[in-house]
Structure formats: C-alpha cells, structure tokens
Protein chains: 2
Amino acid sequence: MTLMDIDIEKALHYLQSGDKYLPNLSLDCVIFGFHHNQLKVLLLKFKNLDFWALPGGHILKDEDIEVAALRVLAERTGLTNIFLEQFSVFGNLHREVKSFMHKVLEINQLQAPLDCWLFQRFVSIGYYALVDFSKVNPQPDTFSEVCDWVSLADLPELAFDHSEIIQKALETLRASLDKKLVGFNLLPTTFTMSELHKLYETILGTPLRRNNFQRKMLSLGILERLEKKFTGAANKAPYLYKFK
Amino acid sequence: MTLMDIDIEKALHYLQSGDKYLPNLSLDCVIFGFHHNQLKVLLLKFKNLDFWALPGGHILKDEDIEVAALRVLAERTGLTNIFLEQFSVFGNLHREVKSFMHKVLEINQLQAPLDCWLFQRFVSIGYYALVDFSKVNPQPDTFSEVCDWVSLADLPELAFDHSEIIQKALETLRASLDKKLVGFNLLPTTFTMSELHKLYETILGTPLRRNNFQRKMLSLGILERLEKKFTGAANKAPYLYKFK
C-alpha cells in the first residue's frame, strides 16, 4: 500500500509541543449535525489507518478549558459561535491512548522518545456541540486525511474510547432535548414543523405522534410563525417557524 | 490569637507528595445530606483561617478518577457505598487556588518553594454525592479543624470558587430529581410520605401541593408501603415507605 504523506514539519512540531499544554489532560468534541433526517457526528479519519476519531485537542497552560474547546471546534468546523457544553470526563486509568498513538506514529514513520508527552495517561474532558450542518466547513488536522460527517446509525471503527464518548454525549443530548430545548441549534434559522418533528424523532430514536408534538411545541410559546414556504402547490405549503 | 497546631509531619509530607498525583488536576466533592428539613453540604473549616472549603483531593497517577473521588468521600465520611456523579469541570484560568494555598501555608508557618505543585494551576472535576445524613461520621483532614454539615441556606465564607461549585451541583441535583429519582439516596431506608415531600420541597426550593405530590409519587410505582409507624396516636400514624 502507498502511504499518504503527512506534513512532517507540522507533525514533529506537534510531538515536541508538550510543554505548551496542561499535561495529562485532553478534550474531545462530539459535534452533532442534522441532515437529511439523520443525526450525524463530525469525525476525522487518520491517514494510513482504518480508524476514525473525534476532533480533540489539548489545553494551553494559559487557556480556559472552554476557550480550548471553542478553539478546537473553530479549527475543525470554521465556526466560532457554537452551542457547546461539557458533558463528562473520561478518566479511567486504562483508556487506550498510548497504544493508539504508537500506531499513528509508526505507520507514519515518525520517531518519538518513550517519554513523549503523547504516550502519557490522558484524562479527557468531553464536550458536545450542536451546529447547523449547512454552515460547517470540515477541516482535517495534521494526522487525518478526511474530516467528515458520519451518521450515528452507521459509525465506522473508532479509536480510543470514542464510541463510549459518543454514546454518553448522545444520552446527554437526549436528556437535554426537552429541558433546555437545545435541538434548535441543529436547525437552520427557519424550519418547518415537519423538520422539527423529524429532528426530535431522530435524536430520541422513537416515533412521536405528529399532532401531539405540534401541540406541545406551540404551547411552549417559543416558536414564531413566519410566512408560508413556497412549494408551487400553494394549499400544501407548510408554515415556516423560527425560534423566538 | 493562638494558633491551632497542625500535624507538621503530615503537612510536609503532603507538600512533598506532588509526584504521586496527576499534575494540575484536582477534584471537589459536594456531599449533600438532608436533616431536620434542611439540605446540607459537608464542609471543612481550615485551621487558623475563617474559610471553609469542600472536601477534595487529587488523583493518583495509577488511579481511575472515579476511584479517587470515592477515596476522598470515604476519607471524609467513613462511607464506602455512596451515590456519586460527576457534574462539571472547573477549569477557568483564573480560579483562585494559588493565592489561597499561600495563605494556608503562611498562617501555619509552613515553607514551600515557589514551584511547589500546590501553587500550580488546577483544573478541578466536580462530583456530587448524596448520602444518608445519619450514617456519616465527618473527619477533618490535615489542614482543617472541623468537618461538619452546613445548611445550604446559611453557607459561611468559602475558599476558592467553591460557592460556584456548590451552586452548580445544586442545579444538577434539581435537574436530576425527577428524571433519575436521585433524592432517595438522601433518605434513610424507610421514610414517610411527609419526609419525602419535604425533601423535594427543600431541594427544589419551592412548595409542592401535598396531594399532587403524593399522587405523583405513588403513580411512579417505585414505592413500597410498609406497616404504620407507631406514634402513640394510632389513627394519625403515617405509613412508612421504602424505595423498591
């Protein structure tokens, strides 16, 4: 097999940049988007390896952890104004980080000393973000060839404990859906009731009766109804709504 | 003023034990108890200073973060089987840890080098725990003179950002009360409907109509009704319940 090149200069710089960051601490971002009635997450595929991973990074020694998470999100999505929440810390002693980092360096023919900061134990802070799918411009990082949306229903093989992190993020999203109405962050500025209905059904993974759903949403007093959407068939055109 | 002695040997051992722990990382535990219709938290009062703080600690290099939290809880409460959940990470760059640690050492006439691990930046993982008040045997640590329950309605001056941590823990407890029925962890094994009612009112900080509350709780199918509690006035004796 022919190896894809990585940018050696960037890679070496990263391997030697441990002093910039808080040691033993990382963050991982589960970025949710909604498209064609599918809930998706933004993943990176490693160069020369059949593994995908969540976008993540480290925290500069003089940086708030939230600012670090926003920086990682901006680097991968191009977006700066994102709904973002911490949801859990992953700190088991036996998280598989070290062995995986070895594989990444080996396949890319990079050398690092055994005490390289990347081979240490990492406690990772999990953030989930909700973005308007249409606004994201996915950007791979140094070690990845692709940064792309993947349907939650069809996840590829994931590195580290990233399956577990995604699962926990999804549980948090589900639990927050009614209480904090976070779902609106996944929709464009204007949307139809049908789109909102599909979004809730998809996130919750369960059918919701359309009439009940519409009644409940309207009763919350959070939706503003706009003009009819033009579809050519005037009598069938659905109303557009926006979040107040 | 006469200073209270601290155990110098233990204190020095602690100052020199930085190598044992993951650097820059701490944990703080908000331990809730319910007594005399008051929601309380377990706090430590520093020796020779008018500040209180949450029980907390550090994570051994070969220890899961959850195990570290359970260790801290066991040390302060004597309990080993505790309801415990992570709720947030506190990682602002300007958390006031360093200046406060200087005060603690100074008042106790302890010297530490400027690069002592305790003067570094700390990112703290917040856990909240719910315990049966009657079973706790509070134990101060090296730098504290008292470990005691304090009513949330009447908190003393707190060190670090511990007011903020308690506030966030309370918000999480309130949000989890209905969904996860966590409140039962705060009650003894058996309790009256009136005690359960008071617990919910106290945590939520709002009156709840007694009949509605009782109907709702019974409808959940989670309570087992036991024999009448003996009070001397047989016809007024309330039923005892336990959580199924």
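Contact is taken here to mean heavy atoms within 4.5 Å, and axes are lines fitted to C-alpha atoms, for helices over the stretch in contact, with angles running from 0 to 180 degrees between N-to-C directions.

## Basis of the description

This is a predicted model, in which local features need pLDDT of at least 70 and side-chain atom pairs count only at pLDDT 80 or more, while totals for chains, interfaces and linings use all residues. Residues are numbered from 1 along each chain as its sequence is written, chains are lettered from A and ligands numbered from 1 in the order in which they are written, and side-chain values use heavy atoms, with hydrogens and water left out.

## The sheet and helix of chain A

Helices (H or I, at least four residues) and strands (E, at least two) are DSSP runs numbered from the N terminus. In chain A, helix α5 (residues 193-204) lies across β8, β9 and β10, and runs at about 80° to β8(A). These 3 strands form an open antiparallel sheet in the order β8-β10-β9, where two strands count as paired if DSSP finds at least two bridges between them. The edge strands of this sheet are β8 (190-192) and β9 (223-228) of chain A, each of which pairs on one side only, and the twist averages 40° from one strand to the next.

Between β8(A) and β10 (residues 239-243) of chain A, the antiparallel pairing extends over 3 bridges; A:Thr192 has A:Leu240 as its bridge partner in β10(A).

## The sheet and helix of chain B

Chain B also holds an open sheet of 3 strands, with antiparallel pairing and the order β8-β10-β9. Its edges are formed by β8 (190-192) and β9 (223-228) of chain B, which each pair on one side only, and neighbouring strands are turned by 40° against each other on average, direction ignored. Helix α5 (residues 193-204) of chain B packs on this sheet and touches β8, β9 and β10 of chain B, its direction making about 80° with that of β8(B).

β9(B) pairs with β10 (residues 239-243) of chain B in the antiparallel sense over 4 bridges, and within β10(B) the bridge partner of B:Lys228 is B:Tyr239.

## The interface between the chains

At the interface, 22 residues of chain B are in contact with 23 residues of chain A. The buried area, which is the accessible area (1.4 Å probe) that two parts lose on being put together, summed over both, is about 1700 Å² between chain B and chain A, with carbon and sulfur atoms giving 57%. Elements that give two or more residues to the side of chain B that touches chain A are β5 (83-90), β6 (123-130) and α4 (162-180) of chain B, and the largest share, 3 residues, comes from β5(B).

## Salt bridges

A salt bridge is a side-chain nitrogen of Lys or Arg within 4 Å of a carboxyl oxygen of Asp or Glu. The structure holds 15 salt bridges over all chains, whereas the count between chain B and chain A is 0. One salt bridge joins A:Glu145 and A:Lys45, whose closest N and O atoms are 3.2 Å apart. This pair links distant parts of the chain, 100 residues apart, with A:Glu145 in β7 (residues 144-151) and A:Lys45 in β2 (residues 38-46) of chain A.
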